[in-house]
Amino acid sequence: MLNVIWLALIVASIGVAMFNGRIEMISQAMFEGAKSGVTVCFGLLSILAFWMGIMRIAEKAGLLELVARAMSPLVQRLFPDVPKGHPAIGYILSNMSANLLGLGNAATPFGIKAMEELQKLNPDKQRATPAMCTLLAINTASITLIPTTMIAIRFQFGSANAAEIVGTTLIASFAATIFALVLDRWYRMVHKQKTG
């Protein structure tokens, strides 16, 4: 559906430009957009490579395991229907740790693996389990301590203080995560009442 919307916007803009006799502006905007996109991508690549390296060092030093161990009791409470020691728990912990450090791109593979493992526990393969919904809510809202991707984008566009968003991002992501968890628990309660 999103592809259809984008296609409609592109066709409409070309049509309006042709109608107004400004088709050259479309060409100029396409080339400027492509140039800007490549510049931003290279900047993000370097920052992402740096933070992925830091994440790898943290993993080798045992920091991720320490964070995962500290978060383990919380994860067990958030996912009571997932058996203790199940591989899904490890992937969920890795996903949450990466999101805490603002590494959404690094968190995605862990989230996908966690969903695959949760699907193995799913008795109805056509419907998401409560644990899957909880993971999706946490992954989407995710508390972020260091918004590395946003800092990289701000740095790329010449921000005088690219890291000044850390405090506001922490507050916003904390509030979003709390709200997502409250909604998740509410939906679980409603679901339990309907099925139980």
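Biologist: Let's start with Arg188: in which helix is it found?

Modeller: Helices here are DSSP runs of H or I with at least four residues, strands are runs of E with at least two, and both are numbered from the N terminus. Arg188 sits in helix H8, which covers residues 166-195. Before you go on, know that this is a predicted model, where local features need pLDDT of at least 70 and side-chain atom pairs count only at pLDDT 80 or more, while totals for chains, interfaces and linings use all residues. Residues are numbered from 1 along each chain as its sequence is written, and side-chain values use heavy atoms, leaving out hydrogens and water.

Biologist: Is Arg188 buried or exposed?

Modeller: The idea is to look at relative accessible area: under 20% is buried, over 50% is exposed, and anything in between is partly exposed (1.4 Å probe, protein chains only). Arg188 has 15% relative accessibility, so it counts as buried.

Biologist: And which residues is Arg188 in contact with, leaving aside its neighbours within four places in sequence?

Modeller: Contact means heavy atoms within 4.5 Å. With those neighbours within four places set aside, Arg188 is in contact with Leu78, Pro80, Asp81, Pro130, Ala131 and Thr134.

Biologist: What about Phe179: is that one buried or exposed?

Modeller: Phe179 is also placed in helix H8, but its relative accessible area is 56%, so it is exposed.

Biologist: Let's zoom out. How many helices and strands does the protein chain have?

Modeller: The protein chain has 8 helices and 0 strands. Read from the N terminus, the elements go α-α-α-α-α-α-α-α.

Biologist: How do I read the radius of gyration of this chain?

Modeller: You take it over C-alpha atoms and compare it with a globule rule, 2.2 Å times the number of residues to the power 0.38. For 196 residues a compact globule would come out near 16 Å, but this chain has 21 Å. Along the principal axes, the C-alpha trace spans about 65 × 45 × 30 Å. As for burial, 28% of the 196 residues are buried.

Biologist: Which residues have the most contacts inside the largest nonpolar core?

Modeller: Here's the general idea: in soluble globular proteins, nonpolar side chains tend to be buried together. A nonpolar core is a set of buried Ala, Val, Leu, Ile, Met, Phe, Trp, Tyr and Cys residues joined through side-chain atoms within 4.5 Å. The largest one here has 19 residues, and Val75, Phe79, Val82, Ile92 and Leu118 have the most contacts inside it. Two or more residues each come from helix H3 (63-78), helix H4 (87-100), helix H5 (104-121) and helix H6 (130-141). H4 gives the largest share, 6 residues.

Biologist: Which residues does Val82 contact, leaving aside its neighbours within four places in sequence?

Modeller: On that count, Val82 is in contact with Gln76, Ala88, Ile89, Leu118, Leu121 and Ala131.

Biologist: Where is the place of Leu103?

Modeller: Leu103 lies in the loop between H4 and H5. At 2% relative accessibility, Leu103 counts as buried.

Biologist: One last feature. What is the phi of Ser142?

Modeller: The background is that most residues other than glycine have a negative phi. Ser142 is not a glycine, yet its phi is positive, about 30°. Ser142 lies in the loop between H6 and helix H7 (148-156). Its relative accessible area is 11%, so Ser142 is buried. Leaving aside neighbours within four places in sequence, Ser142 is in contact with Asn99, Ser173 and Thr177.
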